[in-house]
Every structure is written in structure tokens, then in C-alpha cells.
Amino acid sequence: MSSSSPAASAVSGSAPPQPPHVVEDCMGIVQLLSDGTVTRSSDYSHLPILRDIPSDLPVQWKDVVYDATHALRLRMYRPTTVGKAKKLPVLVYFHGGGFCIASFEWPNFHAGALRLAGELPAIVLSADYRLAPEHRLPAAHEDAMAVFSWLRDQSSGDGDAWFAEFADFGRVFVCGDSAGGTIAHHIAVRLGSGALALGDQVRVAGCVILWPYFGGEQRTASEAEAEARLLVSSEFDPGRNFDQMWRMALPEGATRDHPAANPFGPESVPLDGVPFPPLLVAKAGKDRMRDRVAEYVNRLRAMGKNVELAEFAGQGHGFFVFEPLGKASDELVGVVKRFVYCTYGGHG
């Protein structure tokens, strides 16, 4: 006789195993199940994805592997209108996406990188990194450091021909939007604290931090206002999932005051004595993060850091990503161009 009969199960008190259920569903793109399994969809059609990428920009691009161990790639861009006699600054760009979604391959990020490469002009490196919740923070920060270690190796003269012919390794800029802007901040901290060594050839001349994705347990006024607005509006708001993305991206059990999220949290490293390169910080006037961005700028300035704030009234979080060909993005590219070509050094 079988020992798994219903009667035997009832006597023993055992219950049949339950299938895993969804714990977090992030925009239908990433699902975290109760057993730790993660499922991902490649369907981003419900997001404002750019359909028409400009094809007339004088820019070449190619994909290269920067970390074979984790199969991580970046996309290199170079303008074709600049001769070899003119060395170009190098802009290392980290995309946004709450540490949980997106890639440099997204049409919107690709279009933005094309613009930056062609219009600054610059060598642009748009890098992917491991995503959460499969790889929680600090995985993305570690991957960003790996990008710069790879760049340091490229500066030896035996690297990619585009670097040898066109790159000025003395003018490297760290750039990122949203989560990528947060990565740029953490790279600046690691550089200033000596945790990231770039050798004699590579010099980070500045950081471009676009509407950084910071967090904190205590709501700011602009965050509270945005939450109240969502109760009566169904309009697209990339901030709708910010809390959820922090839950999925931070170490399990961590709060939004974790140092990876809150640069001024109770456990964060004091920044007063950490030298920073010059910073350009962009704040969007309708961004729920605008109060945190303003606090970041004000507190760094109070520490004596060299921080320039560029404000874009009427724009929302990620406007350069969602409308990379819009008028506000035209203005942003101009501001970044001026910063890159007018910044020559000095640390705050």
C-alpha cells in the first residue's frame, strides 16, 4: 500500500508544498518570487521607449566586454568628425533604472549616448552592470569600479585602437542618470577615499550627476507631494516604483537609510574629508527627488566641494532618457558640454 494516501497525510499533519508566489512585481518586467527565483520580461512596450533613433549623427559605436567573468559589456561611441590630432575627453556613462531594469541597449539610452558623443564631442562609454534583485547592491558599484579598472588597463597603450587614437585619459568624466547618477557619486567617493586607484595615466576631471536616485526613510516634502498626487492620478511617473526598487536592490533587510541609498544616512561615511572632483548636478523641477538633490548639493557645498547645480524647471525625473531629442535635452547637452570643456581640474 502507498504511504502517501490522503488519510496518512491527514494523520501526519503534513501539507502539500505550495508553489512559490510573487513577492515583488516591478512594472511587469521583474518579478521576485517567494523562493528567491527572479523572472524577467523583455517586453518594455508599456514604457515610453524611443521608436525613432537618429541615424544621421556622425558617430560610430561598438560593443566590448569589460568584465568577462560576469559577461558585462559596454558600448563605445566616437564622433567621426574629429581627426586623430585632437584628443577627446572620455565620458563614462551609467544608465538609470532603479538598479533593477534597463541596459545601454535601450533605444533611449543609445540615443542619448549618440548625442553626447557627437555634440560634446567625446568618447562615450555607456556601461551595463549587474541588476537587482539577482545581484543586490553593492554589485552595481563593484561593476562600476571594474569599468574604471578596465579603462586604466586600456590607457597602457595596448588597449582598443579608439583610445590610442582619440582619447585624452587626463580628462575622464563620470556620468550617470538616476541610479547611474548614484553610481557616479559612489565612484567619486571611492576615488577620493583611495578605494579606487587609476594609476598615473587616467585622471577623473569631473562628475556629471543627473537627478541622482537617492533614498531615505524620512520623506522629503517633494516625495510626500508626489505620493499624494499618485493617489488621484494614473499619469506615468518613474518614481512610482522607487520604494519597491530600493527593496529589491538593497541588501535584504536594509532600509532606505543604507549607505548605498542615503549618502548622509546614519551609517554613511562622512564626506567632509573626502576630496571630490568638480561636480555638475542636474535637478529636474518636477522630480519627486528634487529636495534630496538640493540637499545633496547644499551639503557638499557646505563642505567646500566644487558643485555646480543646473536646474531644469518643468521637467520630470529622467527627461533626458524619456525625451532625449527634446528641447530640455538640447539644453542639458549644452550644459554638459560647457562643464566638460571648461573643467580642467582641482579637487574640492
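Pro121 sits in the loop that links α2 (107–119) to β7 (123–127); helices here are DSSP runs of H or I with at least four residues, strands are runs of E with at least two, and both are numbered from the N terminus.

Pro133 belongs to the loop between β7 and α3 (139–154).

## What kind of model this is

Keep in mind that this is a predicted model, where local features need pLDDT of at least 70, side-chain atom pairs count only at pLDDT 80 or more, and totals for chains, interfaces and linings use all residues. Residues are numbered from 1 along each chain as its sequence is written, and side-chain values use heavy atoms, leaving out hydrogens and water.

The mean pLDDT (the predictor's confidence in each residue, from 0 to 100) is 92 for the chain, and 95% of its residues reach 70 or more. Residues 1–11 are another story: pLDDT there is below 50, and the stretch has three contacts in the model beyond near neighbours in sequence. A contact means heavy atoms within 4.5 Å.

Most residues other than glycine have a negative phi, and most peptide bonds are trans. Phe99, in the loop between β6 (88–94) and α2, has a positive phi of about 70 degrees without being a glycine. Phe99 is also buried, at 2% relative accessible area; buried means under 20% (exposed is over 50%, partly exposed in between, with a 1.4 Å probe and protein chains only).

Ala102 is in the loop between β6 and α2 too. Its phi is positive at about 90 degrees, though Ala102 is not a glycine, and the residue is buried, with a relative accessible area of 7%.

## The chain overall

The chain has 10 helices and 11 strands. Along the principal axes, the C-alpha atoms fill a box of roughly 85 × 45 × 45 Å.

Buried residues account for 53% of the 348. Of the contacts between residues at least 6 apart in sequence, 76% join residues at least 24 apart.
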